[in-house]
Structure formats: structure tokens, C-alpha cells
Amino acid sequence: MSIEQLLAGVPPLGLTDKAAPAATATKPAKRDVCEMEVRPPTLERLVRDHHAFVWRSAQRLGVPAADVEDVVQEVFIIASNKLETIRHERGFLFQTCIYAVGHVRRRVQRRHEVIDDERVQAAVDARPTPEQDLEGARARAVLQTILDTMPDELRAVFVLFELERLTVPEISEMIGVPQGTVASRLRRARETFISRGQRTLRGAR
Amino acid sequence: MNEMKPLLDSELPEDLASVLRSADADGPPEHAPAEARTLAAVAAHRAAGSNANEGRATTRIPFARSMLAPVVGACVGAAVVFASLVWWNAPLGANGTAAPTPSAPQAPASAARPPASASPEGVRIDDLPTARVEEAAPKPAGRPPVRRGDSAAELEDELAMIDSARAALAAKRPEATLAGIRAYHRRFRAGHFTEEADALEIQALVAMGRRDEAKAKGERFLASHPGSAYVRRVQSAVASEVKP
């Protein structure tokens, strides 16, 4: 499933009941996880368990800082309509997040066309939190710049693997893509990260 | 796939590693309030959405029905306007110079009554399809609120109660806030917004000058919810009580 399909379609690709047989067929070993998730989650629990994850994902998938909260809320609103069909909670939320992020980015692009460059650039910059020192903030901005140049499907895999520290099989299950594809996307994403990262850092000095 | 170790666990130049590590601080700046806002947003959306869906689900017939009333109304209105025009014009047409006195219409109208729908009597309300009008009438009144799930509906109710309590406090009606919060506690023993409810109650007590109670409740709140998002609000409410 390509990111384009994702962005075009209604979100919960592959992780709802319909796709469940396929998912379980590819991953019979994950029975413990499945058992935990057999009963449809309540919205409250979803929010409690995954709010920060969705928030981070929205940030890393390229939502302007000012819009992150809206995207997070949109993701949970969509989830609240599909509680009964959610099988893989994080997978569903992440996919929905990709979908919602696509919306916001298109909106920002329109804003970008209409209003002005600088404002959008400022909004896209990763904002330093008080916990981050200046160096950290700079590093975070570099990371965001690199992520922004990655094609969406590489970016998703890179975020899940390198930043969320998930494994290839976990990612494969989450986004409904074969492990081999995940691995090859990850390799390409890393190449992008390392080459762009070095260039950006050199340029910054 | 032996190479698939995270970059941070492998040899990576320090500057690139620090770029990756910089994402560790991602996430909402303040967790609990952000979560609460998300829950509230979902509840609000579901409240709005259940109405919208209700409309959508029953679109066909009720829509037709709901259109009947305005259409019939418009017909009646148009007919009345038209009829009154005829009333005013008829005498003029008949006598040329007839003064349009209030009594004038009577004779010409009854004279020109016959079959045309232009006649005032042709559009008596009784002649209109009353049966269908009645059919349309019950719709807004008799439709029970459809609830999509108890939890969503309850969340929405909870939120409404908290909102009105908060609004009352903002409107300097702490008694109403207190009453609202008591009602909330009676109805939702283990509600989602109990912390907010407690905070509002404490603020209301302070506003009403019931300081000892506020202080006692505030201390209990701070002891039992040390990490709550409302700690600061409670602290400042109790502190403001010390000042004056």
C-alpha cells in the first residue's frame, strides 16, 4: 500500500477486521498481543495508552507544530468511530495519523501558496521545548529538515524503526507491508538520512 | 536481516547520533492536559456527529417530510399574497376608480369567487393536504435522541455538566457551580473529569468564602492527586484564599 493510496483513501487500511485474517496469517506468533487486543479498546484506554505515541508520530511525520494537537485529536476522533474494528491499536493509530497528516500538509501547502513562505517555514520548524538545550533544538530542527525531504513511505518506516525503536516485523504488521519491503525502505531511508544529515550538518557549520 | 539494528545502536558519527537522539524529547509538552483535551474533543465531536449521523441515517423519508412543512407553508403564504393582490386589484379592474376601502373587497370577491385558484376561498387552509402536514409535525418533537454508544453519550453528558459548572464559576455564580458539581458526582461516581470537578468545587468554595472547606478539600486533592493537571489551579485557588 503506497502512501498515496493512504492519503487518498479512508484511513484504517489493513488493520481492521477485514484485513485481520491476513495479518494474523503473517504473524501467528504474536498471539499474546492479539489476546490483549481481542476486546475492542475503549476510547479512554486508547488515549491513555497511545496519546504520546500519536503525538510524537504527528510531529515526526511533518505536522507543523501549531497543528499537532489538532491532528492528534483528529486521529482519536477517527479511532472513536472504528473502535470495534481496531485490531492492532498502534498500527491503526499510526496509519490514521499518516492519513491525518496528509490532510494537514495539503492544507499548509495551500496556506503556503496563499500567504507567505516564512510563516510556514517558522511553523514547520521543530519547536524547542524547555527541556531541550539550544544544541538539542538545533539537532531536532536538522532532523525535521531531513525527514521533510524523505518520501512519505520511507519516512514512516524510518520514524518507526529509528525513532520509535520498533522492529522490522512489528513495523511490517503495523503498516501492513511485507517485511522485505519494510527493510528495503528502511535502507533507503537511512541512506537519505546519512547523506542529507552530513550535508546539512556541514552546511550548518 | 542482520543489519537491521537501529542506527543509534551501531556506529554512527556523533553529530548524526545527536540528531536522532533529539527526537527523544518529542511528545506533548504537558501530558495530562493534552490527553484531557483530546478526550474532550472526541466527546464533542461525537456529540455533534451523532446528530449528523442521525440525520444521515434517516435521510430519505424524514427529509421529504421535513420539507413538506416549509413547502406547504410557502404555498399558503404565496396563495395568501396572491389572493390579497387579487382582492386589491379586482375592485380596481371592475370599477376603475373604486376606492380600496377595507369593506370594498367583500362584494367583488364574492362576485368573482368561482373556480379559479386565484379566489381567496380556493386556498383555504382546510383545503391543503392537512394529513401530510400532521405527518410532518411529529418529526422534530417525537424523535428520541439516538445514542451511538453509552460511553460516548455519557462522556458527552459528563463534559456538558463540567462545562456548565465551569461557565457558572466564570459567571461568578459559584453556588451554581457547586450544585452542578454535586450533581455531577451523584451521577458519575467514577467520571472522567472528577479531578476537574474537584478543582472546580474548590474554586467555587473559595469564591463563596467557604475557606476552611476549600482548604480541607484542596489539601485532600493535592494529597490524592499529586500529579494531576489541576494541581496548580487548586494550589492557586487555596493560596488566593490566604491572601485577603
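User: Which residues touch the most other members of the largest nonpolar core?

Analyst: This is a predicted model, where local features need pLDDT of at least 70, side-chain atom pairs count only at pLDDT 80 or more, and totals for chains, interfaces and linings use all residues. Residues are numbered from 1 along each chain as written, with chains lettered from A and ligands numbered from 1 in written order. A nonpolar core is a set of buried Ala, Val, Leu, Ile, Met, Phe, Trp, Tyr and Cys residues joined through C-beta atoms within 7 Å. This one has 81 residues, and the ones touching the most other members are A:Ala58, A:Val71, A:Val75, A:Cys97 and A:Val157.

User: Which helix gives the most to this core?

Analyst: Helices here are DSSP runs (H or I, at least four residues), numbered from the N terminus. With 9 residues, the top giver is helix α6 (residues 89–114) of chain A.

User: Why is α5(A) called largely enclosed by the rest of the structure?

Analyst: Buried means 20 or more other C-beta atoms, placed from the backbone, within 10 Å of a residue's own. In α5(A), A:Val71, A:Phe76 and A:Ile77 are among the buried ones. The helix counts as largely enclosed because the buried share of its residues is 11 of the 13.

User: Which element gives the largest share of the side of chain A that touches chain B?

Analyst: Contact means C-beta atoms, placed from the backbone, within 7 Å. The contact takes 36 residues from chain A and 28 from chain B. On chain A's side, 10 residues come from the top contributor, α4(A).

Methods
Buried ≥ 20, exposed ≤ 12 C-beta atoms within 10 Å, placed from the backbone. Helix = DSSP H or I, 4+ residues; strand = E, 2+ residues; numbered from the N terminus. Contact = placed C-beta atoms within 7 Å.
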